[in-house]
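This briefing goes through one protein chain, topic by topic. Please keep the sequence and the model open while reading.

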Amino acid sequence: MKRRHLLGAAGAAALLGAWALRPPDRGHPYEDYFAALNRLLRQEGGGLPQLVIDLDRLDANADLLQRRLGGKLPLRLVTKSLASGGLLDYLARRFGVQRFMVFQAAHLVPLARAFPMADLLLGKPLPVAAALGFYQQLPSYLSFEPATQMTWLVDSAARLQAYGELAQALGRRLQVAMEIDVGLGRGGFATPQALGDALQGLKNAQMPVRVRGLMGYDAQVVEAPFWIGQARAHAESTARYRAFAEVLQAFHALLPGPPLLNGAGSLTYPLHASGDSPLNEVAVGSALLKPGAFDTEALAEHRPALWIATPVLKATSGGLPYLQGVQGAWQAWDRNRQRAYYLYGGRWPAEPVAPPGLAFDEGYGRSADQDRLQGSDGTALAVDDWVFLRPFLSEGLLGDFGELRLLRRGHLVGRWQPLGNA
């Protein structure tokens, strides 16, 4: 009898121990910031999914970026991460710059039209046919002058040759920057020797091509393994850049002026701004909106400024088809499955952030039409409330929405169009 009592007590203790290990209830009502935004969108949101830019946070990020650069490193705005004419114009005016890094061929003519004084630098090498398309589509009435305002990116001797032949065929002088590999391994000239050979070939061929400078992207630095460390990775990357720059100096006759030494990016600009750097220009975009993929220690002071907002179409129990018999036990074990919410739209590259405790229901699957989130009763969501998601990236996202809604001090104050939209 005593043995049975002991076994029973042990079993009860095991069950209590297992019960204590159940997932915590992560659901909570909106924090004040999102509660106010929910009330605002219930009144003025129009009931449709939309992107919201918090201008106050955008300004704070811009001020932080400007303080860190401190006038030591000129800024070039990255258009793929800020792909709205209104947003780019706002930031260009705020920073007093007309320098843009462009990744999409479809953005070139709209940028030349919107910013006739712009300095455009390609952020990736385009097929020569895409470059030809730009010259064919560029309206003749624009004051934009590609010979001095457009810099194509070249990553190999073969592409340099192709752009030289394009220049000859068009009867135009083209301007290029040389992409160099400073450790990322994504392409570009792999060694200073390879760069020197290509430049010597260009000099010998006497093609109508000018070399503006270099572009080297060092995103690998923030992913350096522990046995390397970020400081050493940054030092090695900058040393590689300097070796390429020394080669470029030997071909000063090919340059229209002092060489452009572009590099960094949102992930690594703080390293170049705070220490010794070979760069004379940094390219930054995402740090100004800070989507989720940019939650790094170096960007900890930047604040998220971009949200996907979408209304709740349906609020139901968290049941799944064919599992009704175990649903009660499952929900008792995991209270975060107590409710299911179906959104207007979905399958965005984003994570729900408000109200807290929501998550995509992987057991149900994702939907681009009515994405399903699960949460506990603590989320206190109702039909026509709004769910807020934080994008992982802003690049490629802005064009998926017809417009951007602008938030300023708790009020919706305007709309911006994605780049290229009328």
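The model is predicted, and the points below are grouped by topic.

- Ser-286 sits in the loop that runs between β9 (281-284) and β10 (306-317).
- Its side chain makes a polar contact of 3.1 Å with the side chain of Ser-81.
- Beyond residues up to four places away in sequence, Ser-286 touches Ser-81, Ser-266, Pro-291, Phe-294 and Ser-394.

**The chain as a whole**

- The protein chain has 422 residues, and 50% of them count as buried.
- Its secondary structure consists of 12 helices and 17 strands.
- The C-alpha trace spans about 100 × 55 × 40 Å along its principal axes.
- Among contacts with a separation of 6 or more, 71% are between residues 24 or more positions apart.

- Strand β14 (residues 372-375) is covered on both faces.
- Arg-372 and Gln-374 are buried on one side of the strand, and Leu-373 and Gly-375 are buried on the other.
- In a regular strand, side chains alternate between the two faces of the sheet.
- β14 pairs with strand β11 (residues 339-343) in the antiparallel sense over 4 bridges, and Arg-339 stands opposite Gly-375 there.
- β14 also pairs with strand β13 (residues 359-360), again in the antiparallel sense, over 2 bridges.

**Helix α10**

- Phe-244 belongs to helix α10 (residues 230-249) and counts as buried because its relative accessibility is 1%.
- Leaving aside neighbours within four places in sequence, the contacts of Phe-244 include Ile-180, Phe-189, Pro-192, Leu-195 and Leu-214.
- The C-alpha atoms of Phe-244 and Gln-50 are separated by 45 Å, the two residues being 194 residues apart along the chain.
- Glu-236 and Arg-232 also lie in α10, 4 residues apart, about one turn of the helix.
- These two residues form a salt bridge whose closest N and O atoms are 2.9 Å apart.
- Glu-236 is partly exposed at 40% relative accessibility, as is Arg-232 at 45%.

**Other salt bridges**

- The whole structure contains 21 salt bridges.
- Asp-119 and Arg-76 meet through their side chains in a salt bridge of 3.4 Å, N to O.
- This pair links distant parts of the chain, with Asp-119 in strand β4 (residues 119-122) and Arg-76 in strand β2 (residues 75-78), 43 residues apart.
- Asp-119 and Arg-76 are both buried.
- Glu-395 forms a salt bridge with Lys-80, with 3.7 Å between the closest N and O atoms.
- Here too the pair links distant parts of the chain: Glu-395 is in the loop between β15 (386-391) and β16 (404-408), Lys-80 is in the loop between β2 and α4 (85-95), and they are 315 residues apart.
- Glu-395 is partly exposed, with a relative accessible area of 31%, and Lys-80 is partly exposed at 24%.

**A nonpolar surface patch**

- Leu-48, Leu-313 and Tyr-344 form a nonpolar patch on the surface, together giving about 250 Å² of accessible area.
- Leu-48 is placed in the loop between α2 (32-44) and β1 (50-54).
- The relative accessibility of Leu-48 is 44%, so this residue counts as partly exposed.

Key: Residues numbered from 1 in each chain as written. Predicted model: local features only at pLDDT ≥ 70, side-chain atom pairs only at ≥ 80, totals over all residues. Heavy atoms only, no water. Patch = residues over 30% accessible without salt bridge, like charges linked within 9 Å, V, L, I, M, F, W, Y side chains within 5 Å. Areas by Shrake-Rupley, 256 points an atom, 1.4 Å probe, with all protein chains shown as cover. Salt bridge = Lys/Arg side-chain N within 4 Å of Asp/Glu carboxyl O. Buried < 20%, exposed > 50% of the residue type's maximum accessible area, 1.4 Å probe, protein only. Polar contact = N/O pair within 3.5 Å; in protein donor to acceptor, adjacent residues only side chain to side chain. Contact = heavy atoms within 4.5 Å. Pairing = 2+ DSSP bridges.
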